[in-house]
Amino acid sequence: MSTMGFADATRVATNPLAGLERRCLIWMAGRLPGWITSDGLTALALAAMAFTGLCYAYARGRPGLLLLAIVGLVLNWFGDSLDGTLARVRNQQRPRYGFYVDHIVDCFGALFVVAGLAWSGYMTPFVAMALLIVYFMLSIEIFLATYCLAVFRLSFWGVGPTELRLVLAAGTVALISDPTVAILGEHYRLFDVGGAVAIVGIALTLLVSVARNTRLLYQAEPLR
């Protein structure tokens, strides 16, 4: 299959950690041994999210598994963030293959983690299902915009994948001391509250992004 005519999308990252993270990743990629490959890092990212999901699923009464879940998030960051950087540093880019595999892995990873939280009881199944739905809807919107506008957005409102992992890790630490939070005198699951906030934020981001991209595409292809 020929790659002629394929235009790599412009990557847009507005999250505050993007610049520092990019420099760190390039530094690490230049020092990795030759036996570590981009495909190996992608496989590590997927395995790490499966491991994190399993740790969440069986973490009730086992705080050590919550700490291991954070280790899984760190390994996922390492593999998911570094695979593309390594390919670019070594001049081994495969734009279509890399984009497809990297982001299908992200979708499976989100499924593993949220399913693990739902199984554990730290998040109710309804909240977990709603969170997955809006996450996948936003992912679909991003991928369609990447194809139609050749612009791939890595972050929204200053929040990107790295910031989301940090928030999830902080929430996981909080679970160890108390898995609930008090709001107006009522106690709710901490991850239900966090999940509800995430659902609203992702849904608003989806609506704004759809409106913006629809307008851009309409202006790019006016009716004669």
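Where is the place of Ile133? Select Ile133 and the answer is helix 5 (residues 125–149). Helices here are DSSP runs of H or I with at least four residues, strands are runs of E with at least two, and both are numbered from the N terminus.

Before going on, note that this is a predicted model, in which local features need pLDDT of at least 70 and side-chain atom pairs count only at pLDDT 80 or more, while totals for chains, interfaces and linings use all residues. Residues are numbered from 1 along each chain as its sequence is written, and side-chain values use heavy atoms, with hydrogens and water left out.

**Stop 1**

Ile133 has a relative accessible area of 47%, so it is partly exposed. The classes are buried under 20% relative accessible area, exposed over 50%, and partly exposed in between, with a 1.4 Å probe and protein chains only.

**Stop 2**

Select Ala150, in the loop between helix 5 and strand 2. Ala150 is not a glycine, yet its phi is positive, at about 55 degrees. Its relative accessible area is 30%, so Ala150 counts as partly exposed.

**Stop 2: aromatic rings**

Select Phe99, Phe143 and Phe152, which form one aromatic cluster. Rings of Phe, Tyr and Trp (its six-membered ring) pair if their centres lie within 6.5 Å; planes under 30 degrees apart are stacked, over 60 edge-to-face, and the rest tilted. The count is four aromatic pairs. In the pair of Phe99 and Phe152, the ring centres are 5.3 Å apart and the planes stand at 75 degrees, so this pair is edge-to-face. Phe152 is buried at 5% relative accessible area, whereas Phe99 is partly exposed at 28%.

For another ring, select Tyr122 with Arg60: Arg60 lies over the face of Tyr122, 4.4 Å from the ring centre. A charge sits over a ring if NZ of Lys or CZ of Arg is within 6 Å of the ring centre and within 35 degrees of the ring normal.

**Stop 3: salt bridges**

How many salt bridges are there? The count is three, a salt bridge being a side-chain nitrogen of Lys or Arg within 4 Å of a carboxyl oxygen of Asp or Glu.

Start with Asp39 and Arg94, whose closest N and O atoms are 3.3 Å apart. Asp39 belongs to helix 2 (residues 38–57) and Arg94 to the loop between helix 3 (63–89) and helix 4, so the bridge ties together parts 55 residues apart in sequence. Asp39 is partly exposed at 34% relative accessibility, and Arg94 is partly exposed at 45%.

Next select Asp80 and Arg165, which meet in a salt bridge at 2.8 Å, N to O. Asp80 lies in helix 3 and Arg165 in helix 6 (residues 161–177), so parts 85 residues apart in sequence are tied together. Asp80 is buried at 12%, and Arg165 is buried at 13%.

While in helix 6, select Leu175. Leu175 is buried, with a relative accessible area of 3%. Leu175 and Leu66 are 109 residues apart in sequence, with 8.0 Å between their C-alpha atoms.

Then select Asp192 and Arg189, a salt bridge at 3.7 Å, N to O. Asp192 is buried at 13%, while Arg189 is partly exposed at 36%.

**Stop 4: the hairpin**

From Arg189, move to Thr180, which stands opposite Arg189 in strand 4. Strand 3 (residues 180–183) and strand 4 (residues 186–189) pair in the antiparallel sense over four bridges; pairing requires that DSSP finds at least two bridges between two strands. Ile183 stands opposite Glu186 in strand 4. The hairpin has two residues between the strands, and Leu184 takes a positive phi near 55 degrees.

**Last stop: Asn91**

Select Asn91 in the loop between helix 3 and helix 4. Its phi is positive, near 55 degrees, in a residue other than glycine. Asn91 is exposed, with a relative accessible area of 62%.
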